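Me: I'd like to learn how to read a model like this one, feature by feature. Could you take me through it?

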Amino acid sequence: MHDFVQPLGHGIYAIDTGFQRPQFDAAYLVVEAGRAAFIDTGTNHAVPRLLAALGDLGLGPEAVDWVIPTHVHLDHAGGVGLLMQSLPLARLVVHPRGLRHLIDPTALYMGAKAVYGEAEMQRSYGRLVPVPAERAQASSDGETLHLAGRSLLLLDTPGHARHHHCIWDAHSRGCFTGDTFGLSYREFDTAQGAWALPTSTPVQFEPEALKASMDRMLALEPTQMFLTHYSRVGGSVAEVQRLGQLLREQIDEMVALAHAAPFGASPERHAFLKTGLEAIYLPRLHAHGCTQSLVAQLGLLEMDIELNAQGLGVYLDKRAAAA
């Protein structure tokens, strides 16, 4: 088996997509009785790895019934169209708010290009491939998909993005959470377990909705959570609940930081938010027993601090516009 494929039990495999750095971005392959589903895909550059994972398990592309991105941010769904070209029997199931963006990804691509530029888009994502409309369907809250008799329950989970759903797998007592249950990097694991932080990535951070979505998943009493960034956390109901409480506390701290920020969009406000986020995360990492240098910790969190600060800025601007 390739070293980028990690068996997690219950027919679930985490695939390191290779996006940005090792152990940063996971796609999942779920296998039941010779049939398969992909949950999140990474970018176009991940597609060879996803197909190789099938081969590792002795499965062909025709074994895949479902491709289910948790939401349409490109690190989760950028490779959907290209992957679907190799999966003759698969159907795409995506949140209804994201469906049109995968059938015609022009707006999705142009929006990201406006932020990153054409060179970075090609380096990190590649050209987005549309999915034929007849092979795509919108999910509905509470809908159950069947994979060789195995039930996958789709839950509408806004808060990180309004086009986000999570997938509850009763067989493993686990949720595939996309970005709704935060980020947890394996480099921060200690004897105390995993550490996690929320993501307020632009542009639809809604803290109360996010906490409600988390509570909805936690009410199912999962023993494990399958995060896109990165891989499985948990091991018991109590451990998952601990992480949920950790995330709730930080969401509240992030909102308090945002409301303390200088008024108005400005470089000064952005710098204030980034410094404040460091002050939330670094002491918690120290208390968690992380032994990396502060430089190393900030290196791992640099992208998240930048994006979370941007997300909090958008959150503030929307509140100001609505006032």
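**Reading the backbone and the fold**

Reply: Let's begin with a loop: His 10 sits between E1 and E2. Keep in mind that this is a predicted model.

Me: How many residues lie between the strands in the hairpin of E1 and E2?

Reply: Two residues lie between them, and the positive phi of His 10 belongs to this hairpin. Strand E1 covers residues 5-9 and strand E2 covers residues 12-16; they pair in the antiparallel sense over four bridges. Gly 9 stands opposite Ile 12 in E2.

Me: Is His 10 buried, partly exposed or exposed?

Reply: Check the relative accessibility against the cut-offs: under 20% is buried, over 50% is exposed, and in between is partly exposed. His 10 is at 40%, so it counts as partly exposed.

Me: Which loop holds Asp 40, and what is its phi?

Reply: Asp 40 is in the loop between strand E4 (35-39) and helix H1 (47-56). Asp 40 is not a glycine either, and its phi is positive at about 65°.

Me: Let's turn to a helix residue. Where is Ala 112, and is it buried or exposed?

Reply: Ala 112 is in helix H5, residues 106-116. Its relative accessible area is 12%, so Ala 112 is buried.

Me: Which residues does Ala 112 contact, leaving aside its neighbours within four places in sequence?

Reply: The contacts of Ala 112 are then with Leu 74, Gly 117 and Met 121. Separation can also be read both along the chain and through space: Ala 112 and Leu 153 are 41 residues apart in sequence, and their C-alpha atoms are 30 Å apart.

Me: Time to zoom out. How many helices and strands are there in the protein chain?

Reply: The protein chain has 10 helices and 13 strands. Its C-alpha atoms fill a box of roughly 55 × 45 × 35 Å along the principal axes.

Me: Why does the radius of gyration agree with a compact globule?

Reply: Compare the value with what the chain length predicts. A compact globule of 323 residues would have a radius near 20 Å, and the protein chain has 19 Å, so the two agree.

Me: What share of the residues is buried, and what share of the contacts comes from residues 24 or more positions apart?

Reply: Of the 323 residues, 54% count as buried. Among contacts with a separation of 6 or more, 69% are between residues 24 or more positions apart.

Me: What about the surface and the charges?

Reply: The accessible surface is about 12700 Å², and carbon and sulfur atoms account for 57% of that. There are 24 positive and 34 negative side chains, with the centres of the two sets 3 Å apart.

Conventions: Residues are numbered from 1 along each chain as its sequence is written. This is a predicted model: local features need pLDDT of at least 70, side-chain atom pairs count only at pLDDT 80 or more; totals for chains, interfaces and linings use all residues. Side-chain values use heavy atoms; hydrogens and water are left out. The radius of gyration is taken over C-alpha atoms; the globule rule is 2.2 Å times the number of residues to the power 0.38. Buried means under 20% relative accessible area, exposed over 50%, partly exposed in between (1.4 Å probe, protein chains only). Contact means heavy atoms within 4.5 Å. Accessible areas come from the Shrake-Rupley method with a 1.4 Å probe; for residues, only the protein chains shown count as cover. Lys and Arg count as positive and Asp and Glu as negative; His and the chain ends are not counted. The place of a charge is taken as NZ of Lys, CZ of Arg, CG of Asp or CD of Glu. Two strands pair if DSSP finds at least two bridges between them.
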